[in-house]
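Here's a quick tour of a protein model, written for someone who likes to know the cut-offs. Have the viewer open and follow along.

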Amino acid sequence: MPMPMPMRPPVTIAEFPVSDRGAGPYGITAGPDGALWFTMVHHGRIGRITPDGDVTSFPLEPASGGPSIITAGPDDALWFTEFRSHRIGRITTTGTITSFPLPTEDAGPFGIAAGPDGALWFTEAHADRIGRITPDGQVTEFPLPLSGAFPSAIATGPDGRLWFTMNQANAIGVIGSDGDVSVHPLPTPACAPVGITAGSDGAMWFVEIGTGRIGRITPDGKLGEFALPDPASRPHAIAADADGDCWFTEWGANRIGRITPDGRIDEHDLPGPASEPHGIALGPDGAMWSALETGTIARLTAP
């Protein structure tokens, strides 16, 4: 008879109000200045929070751009997608904002990540393209071999390629610096993958919002899936911590989950009701930080 798994010590959760409920904190990332930077998707602002909870924010012009995912760039600035205004934005740590329009009309940029080549790579959800932008604003676009795929999140893999989710194609894509694209169909129908991150085990980990699963794919395309206790939890974003695990948001269940490289899952209820957790990132203090759409940023500390 197998021995039961030992219980993990409880995770400490602190919440910091950063906006009203209508602003919609959404994407979050660690900045080069020791703070966390986040988007406010509904109010068109970029926010900054220090590990001790000091908050500032910076407005976009126009405010209707719908800033979504944000990441640290190779130039000590933060880069973000403007989903509704079809631009890529850049903000310095002092708050200076620049926006770069995309050559494809109504592209719908969503995910963005720093690539290994000194550029930023992003998805164009409405145009079935992957884009690349240099720090000086030069944009290149690469078409995908599928239409209606709705490419979503993107992350650099251990193999130096960019891996991305294809939300409506139920697939994981990968693109090299030469623009060559490969597609890996997922075994679960209607799984609708969204967030993706590089794990400590040399694989990419992703979430399946449609079926409540966590997925894993190796650079050679070997796939695995791990079912969450609640199939309706709607996992949205995922990020690796410093200890080898991955943490993910459960947007539909008001929880943050954690999965080990061997597939062990534990979950943590958020203190506030219906918080709508979206983005998640490893902070400079070693804690995991999550943007809650209802107006707060949560800090999760594991003992």
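## Strand 24, boxed in

Strand 24 (residues 255-259) is largely enclosed by the rest of the structure, because five of its five residues are buried. Buried here means under 20% relative accessible area, with exposed over 50% and partly exposed in between, using a 1.4 Å probe and protein chains only. R255, G257 and I259 point one way from the strand, I256 and R258 point the other way, and all are buried. Strands are DSSP runs of E with at least two residues, numbered from the N terminus, while helices are H or I runs of at least four.

Before going on, some ground rules: this is a predicted model, where local features need pLDDT of at least 70 and side-chain atom pairs count only at pLDDT 80 or more, while totals for chains, interfaces and linings use all residues. Residues are numbered from 1 along each chain as its sequence is written, and side-chain values use heavy atoms, with hydrogens and water left out.

## Its two neighbours

What joins strand 23 (residues 246-250) to strand 24? Five bridges do, and the two strands run antiparallel. (Two strands pair if DSSP finds at least two bridges between them.) In this pairing W247 stands opposite R258. The hairpin has four residues between the strands, and N254 takes a positive phi near 60 degrees there.

Strand 24 also pairs with strand 25 (residues 265-269), again antiparallel and over five bridges. Here R258 stands opposite D266. This hairpin has five residues between the strands, with G263 at a positive phi near 95 degrees.

Now for an open sheet of four strands, ordered 18-19-20-21 with antiparallel pairing. Strand 18 and strand 21 (223-227) are the edges, each pairing on one side only. The twist averages 20 degrees from one strand to the next; axes are lines fitted to C-alpha atoms, and angles run from 0 to 180 degrees between N-to-C directions.

Inside that sheet, strand 20 (residues 213-217) and strand 21 pair antiparallel over five bridges. R216 stands opposite G224 in strand 21.

The largest pocket has a volume of about 640 Å³. Of its 32 lining residues, the closest to the centre are I28, I196, I238, A239 and I280. Elements giving two or more residues to the lining include strand 2 (25-30), strand 14 (151-156) and strand 26 (277-282). By class, the lining has 22 nonpolar, ten polar and no charged residues. Nonpolar covers Ala, Val, Leu, Ile, Met, Phe, Trp, Tyr, Cys and Pro; Asp, Glu, Lys and Arg are charged; the others, Gly among them, are polar.

A pocket is an open set of points on a 1 Å grid over the protein atoms alone, where a 1.4 Å probe fits, with protein on both sides within 12 Å along at least five of seven lines; lining residues have an atom within 4 Å of a point. Volume is the space filled by probe spheres set on the points. The second largest pocket comes to about 240 Å³, and Y26, F83, F110, F150 and H236 are the closest to its centre among 16 lining residues. That lining divides into seven nonpolar, six polar and three charged.

## The whole chain

The chain has zero helices and 28 strands, and 57% of its 303 residues count as buried. Its C-alpha atoms fill a box of roughly 60 × 45 × 30 Å along the principal axes.
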